[in-house]
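Student: I would like to learn how to read the features of this model. Please begin with the sheet.

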Amino acid sequence: MTEPLLSVKDLRTYFSTEEGIVRAVDGISFDLMPGERLGVVGESGSGKSVTAMSIMRLVEPPAGEIVTGTVTYHGRNLLAITEDEMRAVRGGQIAMIFQDPMTSLNPVYTVGDQLIETIMLHQDVNKRDARNVAAQALSDVQIPNAADRLDDYPHQFSGGMRQRVMIAMGLSCNPEVLIADEPTTALDVTTQAQIMDLMLRLAADRGTAVILITHDLGVVAGFCDNVQVMYAGGIVERGSNDDIFYRPQHPYTWGLLGSMTRLDEEQQVRLHSIRGAPPSVIDLPDGCRFRPRCDFATDRCAQELPLLRKIEGRGEVACHHAEELDLEITRAVGAAG
Amino acid sequence: MFAYVIRRLVYGAVTLLALSMVVFWLLQKTGASPLDRLKLNPRIQPDYLASLTERYGLDKSGPEQYWIWLKRFVTPREASIGGLPSILAISAGVAYSVLASRFIKSRQFAVRIAKIGAGVLIWGFVLFTVWNRMNIVLDWGDSFRGDGPVFEDITLAAGASFRLGMTALFLAVMIGIPLGIYQATKQYSFFDQLGTTFSFVAFSTPIFIIGVFLQLGLGLYLERWTGVKLFYVAGMTSSSYESFTTLQRAGDILQHLALPAISIAAISLAGYSRFQRASMLEVLHSDYLRTAKAKGLPRRRVILKHALRNAMIPIVTLISLDIASIIGGAIITESIFGWPGVGRLYIDAINAVDYPAIMAVVMAIGAGIVVMNIVADILYGVLDPRVRYE
């Protein structure tokens, strides 16, 4: 068994709001293997982006705080090292691509300036060499006339092209881990496919491990080796692509899969129910967090928080009744499909 | 850009023309006459009043009076631009501007700065050359109060207002903007709350309160208690100013300038710090700042490079318009501190229904706003590459 590249243990990130403490990420653990492509799915507010921001240590106090947990990377706990040490990791060894390419680039500096800045920060090169690296990075993401376009400003690029620039910026320092936070959500469908193909190929070429955060199950199916499903700050199910898509075990995953064609409608309903009961320390429901919305909930679900456990021949799931529900879910998915 | 500036200047001239018409019309509609006060004086003979009425053209129709004023206003008393050297210098300036805007197209920041910088240098040289050679004496009409062409009055007053206004603005900008930036980066800290409190107190205190308290505290009691006269509470210079050495003069100017400048600056500083704080906070929460942090940039660089330039864009407009308003003088402050600025000139002119003087102040303020708006838009284009003027 190879050593994991990145290992997250019992990560908890809380936000203080007027209504109380929001447990955005509440005790999640997972490993990322070298070169692995891990999909993290869940609806808005499930804690997927906060997980990424916590790994990058970009959660800003005083509002947000990483309460406990470790993020082990090359033997170091990223949550315990100094800010200066962390800066060398950020962008250099672990890079991140954000959701909205229209607003993620600084409008008043040229694309080249922003790329060169990153490269010079993490690599020991002079400005001229950095410019060459930047031009290469742009041409790697298939931007025509890369060397000339370095002098253009972000507003002179289309949305898809800007996301290519973001990918180029992310990969320009050859990171070992690339965290892509809904990289195609803001793009139109044809561009989405191109961007995902491009990212897949570049990551595979370089052996970069990718954490793909998305609410789009279709994107995950085409892109990832493994998937973990998040719900209300915790991981409810984890497994290989096949495990999740063909043998889902958690009622929530099943619900997600069943609602794929009417994802938006379903999402609005669920988002509302999460908002309606803001999880504060005091009134956090005992037991399973999905219980209020689960058709299969029993008394046990109300008392005992199900932990993630491995099911023989399948993935891991955080549900007390995974074995019993087996048939019903399979039938239900069959019926939905 | 050059074509853009010329076009804006033409629009500006049209705006000023419209402004002058509206204000002149409004003045006549008030029904007040410059002779009202004289009429109340029983010793003044009716035929003298009649001669004045004729001299000021008050017997003519409104449009006619306007036309007479306008002709006087736009006709300089003397005008020569200084012969061949001036013409050559202006041609050189125009040639650079036309060629540069036609051939230097790169949008790179350094190139744009160099292009604009060269333009500023060349036009600076042009102005210097022409200024030393030209002989243009504007007139703007004679004051009804009989102190000669109002242009002279307004230049003197504008000089005084400018000295006060620019000093106050300088203080406000140099303190208010860094304060706002610092507050934004330490949002909700003790210092931020302190700054916020100060801003609200300063902003909601009327300037006559601040001014009078400064006069009492730093002007009067400081001298009474310590015996040192640090600040003067009125006027621009001491009466014996002419006999001072250069160093003494500088000191004397500062001693007079300090209190009124601080009064204006305190309020304006509060505004700037609030505005800068808000603008900076907005940028600090933007996606591209998150990107900058995710790249591993040091916090200092994130703030000073990526945040500041974006946050300064709206502030530049604010400063430019503030400079424009300086030309109008600070009416209340100038009254409190006996400062011979445009504000006082304006009040005096209105009280005397002195058409040419009122119009002169209005036109000076109007011209200032027009010019500073153009300057603001140009600066906007320099700071923000998304804005381009073709």
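Tutor: In chain A, eight strands make an open sheet with mixed pairing, in the order 6-7-8-3-9-10-12-11. Strands are DSSP runs of E, at least two residues long, and helices are runs of H or I, at least four, both numbered from the N terminus; two strands pair if DSSP finds at least two bridges between them. This is a predicted model, in which local features need pLDDT of at least 70 and side-chain atom pairs count only at pLDDT 80 or more, while totals for chains, interfaces and linings use all residues. Residues are numbered from 1 along each chain as its sequence is written, with chains lettered from A and ligands numbered from 1 in the order in which they are written.

Student: Which strands of chain A stand at the edges?

Tutor: Strand 6 (94-97) and strand 11 (309-310) of chain A do; each has a single partner strand, so one side of each is left without a neighbour in the sheet.

Student: How do strands pair in general, and which way do strand 6 and strand 7 of chain A run?

Tutor: Strands of a sheet pair through backbone hydrogen bonds, either parallel or antiparallel. Here strand 6 and strand 7 (residues 177-181) of chain A run parallel, joined by four bridges. One residue pair is M96(A) with its bridge partner I179(A) in strand 7 of chain A.

Student: Which residues touch the most other members of the largest nonpolar core?

Tutor: A nonpolar core is a set of buried Ala, Val, Leu, Ile, Met, Phe, Trp, Tyr and Cys residues joined through C-beta atoms within 7 Å. Buried means 20 or more other C-beta atoms within 10 Å of the residue's own, exposed 12 or fewer, and partly exposed in between, with C-beta atoms placed from the backbone. The largest core has 153 residues, and I179(A), I211(A), L212(A), I154(B) and V361(B) touch the most other members. Leaving aside residues up to four places away in sequence, I211(A) touches L32(A), L38(A), V40(A), A52(A), V177(A) and I179(A); contact requires C-beta atoms, placed from the backbone, within 7 Å.

Student: How many residues does each chain bring to the contact?

Tutor: Chain A gives 23 residues and chain B gives 22 residues. On the side of chain A that touches chain B, helix 2 (83-89) and helix 3 (111-122) of chain A each supply at least two residues. Helix 3 of chain A has the largest share, three residues.

Student: Is G251(B) buried or exposed?

Tutor: G251(B) counts as exposed, because it has 12 C-beta neighbours inside 10 Å. G251(B) lies in helix 10 (residues 246-284) of chain B.

Notes:
Contact = placed C-beta atoms within 7 Å.
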